[in-house]
Every structure is written in C-alpha cells, then in structure tokens.
Amino acid sequence: MTDAPYVYAGYAVTAFALAGYVGVLVRRARAAARALPPEERRWNR
Amino acid sequence: MTTGTAGTRILGGITLGSLALTALMGLVVTPADEVQADAVRLIYLHVPTAWCAMYLSFGVTTLASLLYLWPRTRARFWDLVAGASAEVGVVFIGLTLVVGSIWGRTTWGVWWTWDARLTSTALLFVLYVGYLALRRVPADAGVRARRSAIAALAAFVDVPVVHFAVTWWRTLHQEATIGDPKRLGDPHIHGSMAWTLLLGVVAFTLLYAWLLIHRFRIAWLEERVEDQGLEYALAERHAEAADD
C-alpha cells in the first residue's frame, strides 16, 4: 500500500478542520452581532 | 461576516491563494523523498502548523499576557489578544499532532509513541486547552485576565522543551532539517522542497493573522454584549429602586 491515502487524508483533515473552525467563528460573530443594537453590529461602523 | 472589513477580505484572498499554491506544490510539483517517498509531502502541513502554534500563536499570547500584567501597558485589549491567539494556537497545535500522527504511521509504523517531542507537544496542547478553560471560569474581568495571563506564562515554559526535545533526549522524531545549527549552511533538503516549505510557513502565517484578527474582533463584540447585559441589569435595578 502506498503512502498516498495517508497524505491525502492529512491534507483533507487539515482543510476540513480549518474550514470547521472558520464556520464556528462565523456563527459566533453573527450571534454576537444579533445581540447588539444595529448601530453597533458592524466592526467598521 | 460582521467582523470582516476590506483589509481582512484582501488578506483572506491572499491567504487562500497561498494555501492553495502550497497544496499544489506539496502534492504535485515537489519530488518524493528518497527515503520517505510521498509521505514527506506532509511536511508542508506539519512544520508550518507547528511553527504557527508554538512560536507565533503562543508567543503572541505570552507577549500579550506580559503586556497585560505590566501596569503601564495594562489594557483589556491585550487580554483579548492573548485569548484569541491562544485559541488559534490550540487549533494549529492540534493539527500538528494529527498530521504528525498520520506521518508517524507511514514512517514509524505507529500512530503514536511516547517520544519526548510528541509527548511534550501533547502536553503543550493540554496546557493551552487548560488556559482556554480557565478563561471561561466566571470571575471579575480583571481577575480573570490576570489569572489567565499568569497561566499563559506558565504554559509557555513547555515551548522550549518541545523545541529542544530532539536534542536533549534520544527521540524517534528527527532533528530539525533546516533549523539545525550543525547544518545551517548545508540543509539536507531538495531546493523545491525548501521553497515549498517556506511558502507553507508564509501561507500559514497569513492564515494565523487572518484568524487572529477575526477571533479578536469576535471577543471584542462578545465583551460589548456582556457589558450591555450588565448595563441593562443595572438600569432595571435602578428603575426598581426608583419605584420603591
């Protein structure tokens, strides 16, 4: 068995883990924004 | 995303491009290793994530914690930076361990061994997960920040242990390929592999910066939500007192 499946698994795990973390951040940012008054919702207000 | 700005979108685009190029170079362009064959391609993930976690993320957390503890520079800003950087660092060190485990399976035949480098890295992961857990313990903001800052300084002690583990002890994990002082002028790595490794370090550094900015802004927003909740509670209490 070659090492290719392991290599692809390593790249896939990295990509999915980072994408998952970004997804968590997006969800938290939206939750915080919903809890704030409209004028304070954006960072670049 | 509410924490996005024009600057972070540009940074995000450059980061995504450099990560994609790293993957392309790592999987397709660079040669297989003479001894490790294709398994060596995991170096373009393993080394950059380790660099970003140990020296960048946890280094920034330590520096920010020091700045918070120092009375002249004490500010909530540094506490939030420390926490944000530590969280990103935990993600990166977790990836270092997982990718390293996969790499170990192909080269050593085992997913894990209690080698000095691996063990000290696993300890590093646990220490900073503990740091993040400590930040969630309810307390006055100043007390929580000071307690967390001291914990961060203690956790960082493990970073040099991880770094020097391969020279202090006899380990299964190899010594540094490029950073080894004995081989600085003559690193045993093919040219394209060295450049791809450098590209990977740059790409993951940009990713760290992008994640840190967003994570910090989220912490800032969440703090405003918490302060607002406190203001509302105080206002209600005052209203009740006025009615009495």
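## Salt bridges across the model

Let's start with charge pairs: over all chains, the structure holds eight salt bridges. Keep in mind that you're looking at a predicted model. Side chains of opposite charge can pair when their charged atoms come close.

One such pair is B:Glu87 with A:Arg28, where the closest N and O atoms are 4.0 Å apart. B:Glu87 sits in helix α3 of chain B and A:Arg28 in helix α1 (residues 4–34) of chain A, so this pair joins two chains. How buried or exposed are the partners? B:Glu87 has 15% relative accessibility, and because buried means under 20%, B:Glu87 counts as buried. A:Arg28, at 25%, counts as partly exposed.

## Two pairs inside chain B

Next up is a salt bridge between the side chains of B:Arg41 and B:Asp38, at 3.0 Å from N to O. B:Arg41 is buried, with a relative accessible area of 9%, while B:Asp38 is partly exposed at 29%.

Then there's B:Glu240, which forms a salt bridge with B:Arg237; here the closest N and O atoms are 3.5 Å apart. Why are these two about one helical turn from each other? They are three residues apart in helix α7 (residues 191–243) of chain B, so about one helical turn separates them. Both ends are partly exposed: B:Glu240 has a relative accessible area of 45%, and B:Arg237 has 48% relative accessibility. Elsewhere, salt bridges that share partners tie A:Arg28, B:Glu87, B:Arg215 and B:Glu222 into one network.

## Where the two chains meet

Now for the interface. The size of an interface is often given as the accessible area lost when the parts come together. For chain A and chain B, the buried area is about 3200 Å², and 71% of it is on carbon and sulfur atoms. How many residues are in contact? On chain A it's 28 residues, and they meet 42 residues of chain B.

Charged and polar pairs turn up here too. Sorted by class, the side of chain A that touches chain B has 19 nonpolar, three polar and six charged residues.

## Helix α3 of chain B

α3(B) has 32 residues and reaches 46 Å from its first C-alpha to its last, close to the 46 Å expected at 1.5 Å a residue. Of those 32 residues, 26 are buried, so the helix is largely enclosed by the rest of the structure. After α3(B) comes B:Gly109, with a positive phi near 85°.

## Helix α4 of chain B

With 20 residues at 1.5 Å a residue, α4(B) should span 28 Å; its end C-alpha atoms are 29 Å apart, which agrees. At the start of this helix, a side-chain oxygen of B:Asp115 comes to within 2.8 Å of the backbone nitrogen of B:Arg117.

Which residues of α4(B) are buried? Among them are B:Arg117, B:Leu118, B:Leu124, B:Tyr128, B:Tyr131 and B:Arg135. The buried residues of α4(B) pack against α2 (43–69), α3 (76–107), α5 and α6 (158–168) of chain B.

## A loop and a segment before a helix

Follow chain B into the loop between α4 (116–135) and α5 (141–155), and you'll find B:Val137. B:Val137 is partly exposed, with a relative accessible area of 34%. Leaving out residues up to four places away in sequence, B:Val137 touches B:Arg144 and B:Arg147. For a sense of scale, B:Val137 and B:Leu56 are 81 residues apart along the chain, and their C-alpha atoms are separated by 26 Å.

Where is B:Thr3? B:Thr3 belongs to the segment before α1 (6–29) of chain B. At 0% relative accessibility, B:Thr3 counts as buried. The side chain of B:Thr3 is joined to that of B:His214 by a polar contact of 2.8 Å.

Technical notes. Residues numbered from 1 in each chain as written. Chains lettered and ligands numbered in written order. Predicted model: local features only at pLDDT ≥ 70, side-chain atom pairs only at ≥ 80, totals over all residues. Heavy atoms only, no water. Contact = heavy atoms within 4.5 Å. Buried area = accessible area lost by both parts, 1.4 Å probe. Nonpolar A, V, L, I, M, F, W, Y, C, P; charged D, E, K, R; others polar. Helix = DSSP H or I, 4+ residues; strand = E, 2+ residues; numbered from the N terminus. Buried < 20%, exposed > 50% of the residue type's maximum accessible area, 1.4 Å probe, protein only. Expected span 1.5 Å × (residues − 1). Polar contact = N/O pair within 3.5 Å; in protein donor to acceptor, adjacent residues only side chain to side chain.
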